[in-house]
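Dear colleague,

I am passing on the structure we spoke about, with the sequence alongside it. Below it you will find notes on what turned up when I went through it.

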Amino acid sequence: MTTNSQPSRPVDTSKAHPARVYDWLLGGKDNYPVDEAVGEMLPPEARDAARQNRQFMHRAAAWLATQGVDQFLDIGTGIPTEPNLHQIVQDIVPSAKVVYADNDPIVLRHAEALLISRPGGVTDYIQADVRDPEAIVQHARHVLEFDRPIALSLIALMHFITDEQDAHGIVRALVDTLPPGSYLILSHAASDLFPELAELVVAQYAKGGIQLAFRPRGEVERFFDGLDLVPPGLVTATDWFTSTPATEPEGSGIYAGVARIRP
C-alpha cells in the first residue's frame, strides 16, 4: 500500500537543490541545468561519493531488515533511484513500512509514481525539511508504530545542515522520539580524510548557492552520542560491511555508521 495526500508544490528551477545535484551525480535525468552546472564544477570524486553513499544505504538497510527491523523513516530521500530503500527492505520483509521525507517538491512528484510499496507493506512520503523534525515525526506517526523499533536513515544529509542550524540538536530531537531498540543510519562527508578535496567541493557547492558543513570524525561521531555503534563502528562508507568486505578496497571521503538505541 502507498499513501500520500499532499498537494504537489511548484518546483523552483532558478537555483540548484541538493537532491537534484545528487541525482545528476548518480547519472539521473531528473535535474535542471542549474543543478547540472553545480555538478559539472565538482571533481570526479563527487560522483564516487554519491555512489558510495547509495551502496552504504543498501547494505545497512538490508542488514537491519535481516535483524527484524520492519519500520524505516528515511529523511533526505532524494529523487528515487532504484533500488530504493523500500525495495531493499521489502525484498527481505515484504510487510515493511517506509516513510520518506525530502524538502524538494520534485521529489514528491517522483515519489508518487515510483515509491510504490509491495502489496503487503506500506510506503508514504512527506514533503518536509529535517530542520523541522517535529513535523516529520508527527506525520510519520500516522504510518509507523512508535512503540516498536524504527530505523532512522540520514544518508548524506546532515552535512547540508550547519552548526548554526543546530545539526546535532536536530538529530538528537529525532532520535529522542524513537523507542528503544531503534537504529540510526547516518553517512556524512568528512572534512579531515581528504582536506583539500573537501574544501574544493564545499567551495563549488557554495558557488551554486548551496552551503555545506563537512565535519571531522569527532564531530560526526557526536551524532551517535548515547547510542551503541554496531560493528564495524564509525568507518568510511566503503568500509562499512557486516559480513564479507569488498575484495578491492576503495577509498572514501564519507563517514558512515549504524547505531542502536539502548533498551
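**Rings, charges and a central strand**

In this predicted model, Arg 47 lies over the face of Trp 24, at 4.4 Å from the ring centre.

In one of them, Phe 56 and Trp 240 have ring centres 5.5 Å apart and planes at 80°, so the pair counts as edge-to-face. Because Phe 56 lies in helix 3 (residues 45–66) and Trp 240 in the loop between strand 8 (235–236) and strand 9 (254–260), this contact ties together parts that are 184 residues apart in sequence. Phe 56, Trp 63, Tyr 183 and Trp 240 form one aromatic cluster.

As for strand 3 (residues 97–102), six of its six residues are buried, so the strand is largely enclosed by the rest of the structure. Lys 97, Val 99 and Ala 101 point one way from it, while Val 98, Tyr 100 and Asp 102 point the other way. Strand 3 pairs in the parallel sense with strand 2 (residues 71–75) over five bridges, where Phe 72 stands opposite Val 98, and in the parallel sense with strand 4 (residues 122–127) over six bridges, where Val 99 stands opposite Asp 124.

With best wishes

Technical notes:
Residues are numbered from 1 along each chain as its sequence is written. This is a predicted model: local features need pLDDT of at least 70, side-chain atom pairs count only at pLDDT 80 or more; totals for chains, interfaces and linings use all residues. Side-chain values use heavy atoms; hydrogens and water are left out. Buried means under 20% relative accessible area, exposed over 50%, partly exposed in between (1.4 Å probe, protein chains only). Helices (H or I, at least four residues) and strands (E, at least two) are DSSP runs, numbered from the N terminus. Two strands pair if DSSP finds at least two bridges between them. Rings of Phe, Tyr and Trp (its six-membered ring) pair if their centres lie within 6.5 Å; planes under 30 degrees apart count as stacked, over 60 as edge-to-face and the rest as tilted. A charge sits over a ring if NZ of Lys or CZ of Arg is within 6 Å of the ring centre and within 35 degrees of the ring normal.
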